[in-house]
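Please keep the sequence and the structure in view while reading.

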Amino acid sequence: MISRSGHEEFMRECFRLAEKGKGYVSPNPLVGAVLAVNNTIVARGYHQRFGGPHAEVRCVRNYKGSLSNAILYVNLEPCSYYGKTPPCAELIVQRGIKRVVVAMKDPNPDVSGKGIARLVRAGVEVQVGVLEEEAKHLNRFFVKHVITKMPYVHLKIAQAMDGFIGRSKGPMQYITSAPSRKLVHRWRTEYDAVLVGAGTIKADNPQLNVRLVKGREPAVVILDGRLSVSGKEKVFASARERRVLVCADSSAVESRQRKVRAMMAQGVDILKFPSRNNSLNLKSVLKELYKHNIGSILVEGGSQVFNQLVLQGMVDEFSFFFAPKHFGSGVKGLLQEASVKAGRCILNNEFISYKVGSDSLITGIVRRR
């Protein structure tokens, strides 16, 4: 008989394994699995890449002994449908595993509970809910986009202690310390896309790639209602190696066909939206990005984009880096109304504060009822 603490120990190993898939399995969830026999882990597996074998398959393949007394632990309900791979629930039944411990049901409304039901019909003992909240946090990107059909949005702002994200004039300068910038580069590897406004592209000419750590390059999404970027900025040079998507007003696209053709020839995707005064409807944008297999977004600039996302209630997670400096004037990250709303979101939800290099980081997740 395994105690609850024993179940939790094995489930945390599933979480550790699942995290190895960050940045590689989207839009699929992060999943890890372990097999335990006589209270000892005998095999491990995790979902390594989108379209590849699922965690349960890899785990079971890694053990050649008898499974009659084995317990399979998995942080997400085994699938019950044929997709890019056969259903894991069928594999469990076929291999004679008699007990399965699951952290959480699949949140996909079309499949939730069906994998568990298939196991129960076959006589498998199934326990659900071990470290469920931790499991939901681990797969918060997946939970958000599979239910809402919109990507998870993480808004990151690097600012001085007085709330300015840059000076009014002069060249772009790093505000935060090297450890903070390295952390953001790691985040980039874990998100499907980095999103910025056209103002950031024109003012800073950023690469928005991964340089300080190893990992997958994110796609780049540029909000540009007026289609004002030139197409010659640094980020467009990478459009052959990764996706670069420009979201623009339909009328601007129609009136700038020469620029559109030149950008598309570089490999850039141009997404058209109806707008009001060249201001894009962000909910429509996010829904369209989901259709392009973007399930998670790291928002990195600039002020106009930050404020619109906050005021329209589109943010799922906030991260504020405060550098130990004062600008006195310049560009504010959030204006008063958005700043108040963001502050309420953080204070009314779970948040943590800690040091990163010389900077202070406050990060909080918005829990929607």
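Which residues of the largest nonpolar core touch the most other members? In this predicted model, they are Met-11, Leu-35, Leu-72, Tyr-73, Ile-97 and Val-100, within a core of 47 residues.

## Nonpolar cores

Helix H1, which runs over residues 4-18, gives the most to this core, with six residues. A second, separate core holds 34 residues, and Leu-271, Met-314, Phe-318 and Phe-320 are among them.

Leu-35, one of the residues that touch the most other members of the largest core, shows what such packing involves. Leaving out residues up to four places away in sequence, Leu-35 touches Thr-40, Ile-41, Val-42, Ala-43, Cys-59, Val-60, Tyr-63, Leu-67, Ala-70, Ile-71, Leu-72 and Ile-97.

## Overall form

The protein has 13 helices and 18 strands, and its C-alpha trace spans about 70 × 45 × 35 Å along the principal axes. Because a compact globule of 369 residues would have a radius of gyration near 21 Å, the 23 Å of the protein agrees with that expectation.

Of the 369 residues, 52% count as buried. Among contacts between residues at least 6 apart in sequence, 75% join residues that are at least 24 apart.

## The cavity

Rolling a probe the size of a water molecule over the atoms shows where empty space is left. Counting cavities of 30 Å³ or more gives one, and the largest cavity holds about 30 Å³ of space. Its lining consists of Val-153, Leu-195, Leu-223, Leu-282, Val-285, Leu-286, Ile-297, Val-299 and Leu-309, and by class these are nine nonpolar residues, with no polar and no charged ones.

Helix H11 (282-291) and strand S14 (296-301) each supply at least two residues of this lining, and the largest share, three residues, comes from H11.

## Gln-308 beside the lining residue Leu-282

Gln-308 is found in helix H12, residues 303-311. Apart from its neighbours within four places in sequence, Gln-308 is in contact with Ser-279 and Leu-282, and Leu-282 is also one of the residues that line the largest cavity. Gln-308 and Leu-282 are 26 residues apart in sequence, while their C-alpha atoms are 8.0 Å apart in space.

About 670 Å³ of space lies in the second largest pocket. It is lined by 38 residues, of which Lys-22, His-137, Arg-140, Phe-141 and Glu-317 lie nearest its centre. The elements that give two or more residues to this lining are the helices H5 (132-138), H6 (140-148) and H7 (178-190), together with the strands S15 (317-323), S17 (350-356) and S18 (359-365).

Just after H6, Lys-149 takes a positive phi of about 60°.

Technical notes. Residues numbered from 1 in each chain as written. Predicted model: local features only at pLDDT ≥ 70, side-chain atom pairs only at ≥ 80, totals over all residues. Heavy atoms only, no water. 1 Å grid on protein atoms, 1.4 Å probe; cavity = no way out; pocket = protein on both sides within 12 Å on 5 of 7 lines; lining within 4 Å. Points joined across faces, edges and corners; volume = space filled by probe spheres on them. Helix = DSSP H or I, 4+ residues; strand = E, 2+ residues; numbered from the N terminus. Nonpolar A, V, L, I, M, F, W, Y, C, P; charged D, E, K, R; others polar. Core = buried A, V, L, I, M, F, W, Y, C linked by side-chain atoms within 4.5 Å. Buried < 20%, exposed > 50% of the residue type's maximum accessible area, 1.4 Å probe, protein only. Contact = heavy atoms within 4.5 Å. Rg over C-alpha atoms; globule rule 2.2 N^0.38 Å.
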